[in-house]
Amino acid sequence: MASSTFSGDETAPFFGFLGAAAALVFSCMGAAYGTAKSGVGVASMGVMRPELVMKSIVPVVMAGVLGEPSRVSKEQPPLARFVLRVSSSGPGRRPYISPVHERLLRTSDDFVWPVDSTFLGRFIIDVEFLDLKICPLNGGEASPVWPADGLMQSVSTQSTLRCLSRMLDEGIHADVTINTTEGTLRAHKAVLSATSPVFQSMFNHDLKEKESSTIHIKDMSLESCMALLSYLYGTIKQENFWKHRLALLGAANRYDIADLKDACEESLLEDINSTNVLARLQEAWLYQLNTLKKGCLMYLFDFGKIYDVRDEVNDFFRHADRDLMMEMFQEVLTVWKPL
């Protein structure tokens with residue numbers, strides 16, 4: 001009988017194959033787990049913010065593109081002008097807006113941008129590209145990748161907004177007075193009518209606003225009313241919008257300004273937390289903001305944050321609408337699963 005010539009440990013092949021198999025199994029499990037978690041994240045975004053689903057997928061695709069630059073991007077690296085907007089999810093947050101950056105994007109290292117601020121907790125980073133140019137292979141001046149018509153449109157829009165800002169600030173040919181509890185403002189019937197069907201109806205029919213050229217807005221402060229006019233004239237600043245968004249939401253609902261109402265709903269949805277979720281839910285019910293209402297209910301029950309506000313819930317139920325309470329109860333039944 002021939003004897004074995006193996007001189008090493010006879011168990012080595014077994015443990016070698018076992019290690020290789022374990023590596024394959026755990027790598028596949030890790031990939032599957034990562035894919036599942038990213039899928040859950042995209043699916044959650046599809047429920048709470050369906051309009052941002054593609055935005056949540058784009059970074060994954062761009063990571064692959066930037067990880068292996070194409071031949072064109074290597075030979076003709078784009079020259080980009082952009083600004084960064086960073087907003088924190090904490091209460092009383094103030095968004096950070098960077099100065100305009102201009103950078104030649106050759107490799108993935110060129111996509112590391114400094115932010116001169118500190119943010120705690122969750123935050124959102126938006127990159128707005130103002131211009132993107134590519135240098136020709138044979139040299140010469142860089143040309144924009146976007147059509148020149150778009151650039152001219154942007155210049156024209158900025159010029160128009162500057163003119164509207166002067167009309168509002170200096171009262172150029174203003175023909176209507178707005179009375180608030182703290183003072184008066186001057187505006188233009190044409191601008192108000194073009195942005196709100198309610199204002200248009202006031203000036204088209206024989207109402208007191210048309211006869212006196214005066215509008216009384218007693219439930220808004222002078223500063224909030226100025227923020228409303230700034231929005232209608234297209235000159236509102238981001239910080240003013242955040243500061244007065246609740247008052248703007250009420251005005252948008254009262255004067256049927258649909259785009260302002262949508263902007264307020266989107267803004268209120270971005271910074272839901274335990275201190276404001278019940279108030280946001282009440283506002284969503286009052287102004288019929290279904291997306292905001294769905295986001296608040298998901299935050300409370302799907303994410304289990306109802307336990308963080310259990311002391312405030314009793315007082316909330318004493319003042320909440322009966323139908324809203326029924327929806328909350330139905331959400332509990334949907335989320336709760338018996339063991």
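1. Basis. The model is predicted, so local features need pLDDT of at least 70 and side-chain atom pairs count only at pLDDT 80 or more, while totals for chains, interfaces and linings use all residues. Residues are numbered from 1 along each chain as its sequence is written, and side-chain values use heavy atoms, with hydrogens and water left out.

2. Overall make-up. The protein has 15 helices and eight strands; helices (H or I, at least four residues) and strands (E, at least two) are DSSP runs, numbered from the N terminus. Of its 339 residues, 30% count as buried, where buried means under 20% relative accessible area, exposed over 50% and partly exposed in between (1.4 Å probe, protein chains only). Among contacts (heavy atoms within 4.5 Å) between residues at least 6 apart in sequence, 56% join residues at least 24 apart.

3. Three strands make an open sheet with mixed pairing, in the order 7-6-8; two strands pair if DSSP finds at least two bridges between them. Strand 7 (184-187) and strand 8 (214-216) are at the edges with a single partner strand each, so one side of each is left without a neighbour in the sheet. From one strand to the next the twist averages 25°. Strand 6 (residues 176-179) pairs with strand 7 over four bridges in the antiparallel sense, and Asn179 has Thr184 in strand 7 as its bridge partner.

4. Helix 8 on the sheet. Helix 8 (residues 222-232) packs on this sheet, where it touches strand 6 and strand 7, and its direction makes about 10° with that of strand 7. Axes here are lines fitted to C-alpha atoms, for helices over the stretch in contact, and angles run from 0 to 180 degrees between N-to-C directions.

5. Helix 8 and helix 10. What does helix 8 do on meeting helix 10? The axes of helix 8 and helix 10 (residues 245-254) come within 10 Å and cross at roughly 65°. Ser224, Ala227 and Leu228 of helix 8 meet Ala247, Leu248 and Ala251 of helix 10. By class, this contact has five nonpolar, one polar and no charged residues; Ala, Val, Leu, Ile, Met, Phe, Trp, Tyr, Cys and Pro count as nonpolar, Asp, Glu, Lys and Arg as charged, and the others, Gly among them, as polar.

6. Helix 12 and helix 13. Helix 12 (residues 277-286) and helix 13 (residues 290-302) pack at an angle of about 150°, with their axes 8 Å apart. The two are therefore roughly antiparallel to each other (angles under 35 degrees count as roughly parallel, over 145 as roughly antiparallel, 65 to 115 as roughly perpendicular and the rest as oblique). Among the residues making the contact are Leu281 and Trp285 of helix 12 and Cys296 and Leu300 of helix 13. Its classes are 10 nonpolar, no polar and two charged residues. Val277, Leu278, Arg280, Leu281, Glu283 and Ala284 of helix 12 are buried. Just after helix 12, Gln288 takes a positive phi of about 60°.

7. Ser193 lies in helix 5 (residues 189-195). Is Ser193 buried or exposed? Ser193 is buried, at a relative accessible area of 17%. Neighbours within four places in sequence aside, Ser193 is in contact with Phe199, Gln200 and Phe203. Ser88 belongs to strand 1 (residues 78-88) and, at 11% relative accessibility, counts as buried. Ser88 and Ile124 are 36 residues apart in sequence and 6.4 Å apart in space, C-alpha to C-alpha.
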